[in-house]
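Take a moment with the sequence and the fold below. Then follow the text from the sheet to the ligand.

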Amino acid sequence: MDAPTKKKPIAIITIGMAGAGKSTFVQRINSYLHSQDPPTPPYILNLDPAVTHVPFEANIDIRDTVNYAEVMKQYNLGPNGGILTALNLFTTKFDQVLSLVEKRAETVDYVILDTPGQIEIFTWSASGAIITDAVASVLPTVVAYIIDTPRTTAPATFMSNMLYACSILYKTKLPFILVFNKTDVQPHDFALEWMDDFEAFQAALASHAGATDAEGEPTYMNSLMNSMSLVLDEFYRHLKAVGVSSMTGDGIKDFFDAVDASRDEYEKSYLPELDRARAARDATLAAAKADSMQRLMADLELDRAKNPSGALADRWDPAAEEEEEDDDDGDINIIDRSAYFELGTFLFFFVRDPDGDFFFFCVCVGEEPWPGQYIDVTRARRREDEGINWPKPG
Ligand SMILES: Nc1nc2c(ncn2[C@@H]2O[C@H](COP(=O)(O)OP(=O)(O)OP(=O)(O)O)[C@@H](O)[C@H]2O)c(=O)[nH]1
Ligand SMILES: [Mg+2]
């Protein structure tokens with residue numbers, strides 16, 4: 001009998017407001033997975049080009065491919081435009097990222113993505129959508145929406161955070177987990193109560209300062225939020241919510257239970273929707289192709305009739321085509337930091353840099369807390385002065 005095939009890894013996309021604790025959360029779940037028996041190290045992607053220090057060892061790091069400061073300089077951009085452009089440039093190489101991820105699918109259980117601090121850069125950009133859709137089309141994927149619990153205790157802030165989560169849920173249509181982070185500072189029971197019972201939320205709203213105007217009437221904001229709490233009630237039914245502390249590790253197991261339970265949801269609701277969207281897109285493309293082919297043939301007929309000798313001169317020459325073909329765009333290659341071999345207590349990594357040069361570095365696995373932390377022997381990262389000259393569009 002054939003051995004049971006391994007289930008595909010689940011991709012976890014962490015999204016959340018600036019400073020909500022996304023990177024600390026990724027570090028915590030990474031550490032949790034390493035501490036399992038046997039350890040199940042995840043495959044981690046850092047998509048934040050502007051971060052100077054990530055508290056985990058990413059397998060693929062956008063900073064290895066795009067120099068964010070250089071992008072800002074070259075395109076005269078501010079910090080957010082710089083992050084967005086860096087992400088856009090990285091997305092043009094995302095096919096390479098996907099193939100690296102797919103190569104590791106047999107050996108990992110989780111693929112984790114840390115996204116840029118400014119939430120809208122990922123959630124409302126074309127590249128964020130492309131990355132999310134690309135990952136979700138090859139792996140079961142779940143969105144972990146990280147919430148800064150101590151900063152959502154005011155009903156109005158809670159509601160705007162939930163509206164944001166709601167917009168991401170309906171945009172991505174992926175299984176969604178609300179992760180109330182920093183429960184060491186503020187337990188998340190109030191949030192669960194508000195999600196479970198809209199009357200409890202409305203009562204909190206009414207008792208909050210500024211709920212009524214000078215005449216004692218509910219303010220416009222208050223009435224609006226009252227009505228919206230009824231609308232959101234439906235949205236809450238589609239969500240799982242967990243409370244965690246990325247600082248202490250509290251609740252991380254609940255998070256993974258929610259992630260594992262999402263696999264079913266992905267297969268039952270996201271995949272059929274994806275197949276339907278693919279079929280619709282293929283049909284539209286086929287129709288457009290058939291239409292342009294028909295018009296081309298009609299034009300050719302006309303051309304041949306008008307100028308019979310010209311048609312002979314236009315014949316396709318495969319030899320000429322072959323010569324032109326060799327201008328591949330592999331100038332920037334995504335680095336998988338985890339291609340290595342092992343010698344004693346050292347792991348030796350061979351990496352190809354974007355210029356095609358090979359270099360290596362090694363990791364001591366003896367006393368290190370994490371197998372995977374590395375010591376730079378030659379140069380594990382591009383030199384500061386080695387900016388990439390991305391071509392300007394148009
Ligand atoms: N007390 C407490 N602090 C936390 C927790 N998680 C994160 N923090 C703190 O929150 C701050 C922001 O954490 P980050 O992990 O950098 O947050 P982020 O969402 O990745 O931030 P950006 O990527 O810059 O938007 C840091 O000071 C963390 O130490 C937690 O569970 N409890
Ligand atoms: Mg971060």
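What follows walks through the sheet, one of its strands, and the surroundings of the ligand.

This is a predicted model: local features need pLDDT of at least 70, side-chain atom pairs count only at pLDDT 80 or more, and totals for chains, interfaces and linings use all residues. Residues are numbered from 1 along each chain as its sequence is written, chains are lettered from A and ligands numbered from 1 in the order in which they are written, and side-chain values use heavy atoms, without hydrogens and water.

Start with the sheet. It is open, has seven strands, and runs in the order β3-β2-β4-β1-β5-β6-β7 with parallel pairing. Strands here are DSSP runs of E with at least two residues, and helices are runs of H or I with at least four, numbered from the N terminus. Two strands pair if DSSP finds at least two bridges between them. Strands of a sheet pair through backbone hydrogen bonds, either parallel or antiparallel.

Strand β2 (residues 43-46) pairs with β3 in the parallel sense over two bridges. There, Leu45 stands opposite Ile60 in β3.

Now turn to β5 (residues 141-148). Eight of its eight residues are buried, meaning under 20% relative accessible area with a 1.4 Å probe, protein chains only. Thr141, Val143, Tyr145 and Ile147 point one way. Val142, Ala144, Ile146 and Asp148 point the other way.

What are the partners of β5? Strand β1 (residues 10-16) pairs with β5 in the parallel sense over six bridges. Thr14 stands opposite Ala144. Strand β6 (residues 176-181) also pairs with β5 in the parallel sense over six bridges. Here Ile146 has Val179 as its bridge partner. From β5 the chain crosses through helix α8 (residues 155-172) to β6, in a right-handed β-α-β crossover; with the strands pointing away from the viewer, the path from the first strand over the helix to the second runs clockwise.

Of the 17 residues around ligand 1, Lys22, Ser23, Thr24, Asp184 and Ser246 come nearest; a residue counts if one of its heavy atoms lies within 4 Å. Helix α1 (residues 22-34) gives the largest share of this shell, three residues.

A polar backbone atom of Gly19 is 3.0 Å from an oxygen atom of ligand 1. A polar side-chain atom of Asn181 lies 3.2 Å from a nitrogen atom of ligand 1. An N or O atom in the side chain of Lys182 is 3.1 Å from an oxygen atom of ligand 1.

Technical notes
Polar contact = N/O pair within 3.5 Å; in protein donor to acceptor, adjacent residues only side chain to side chain. Buried < 20%, exposed > 50% of the residue type's maximum accessible area, 1.4 Å probe, protein only.
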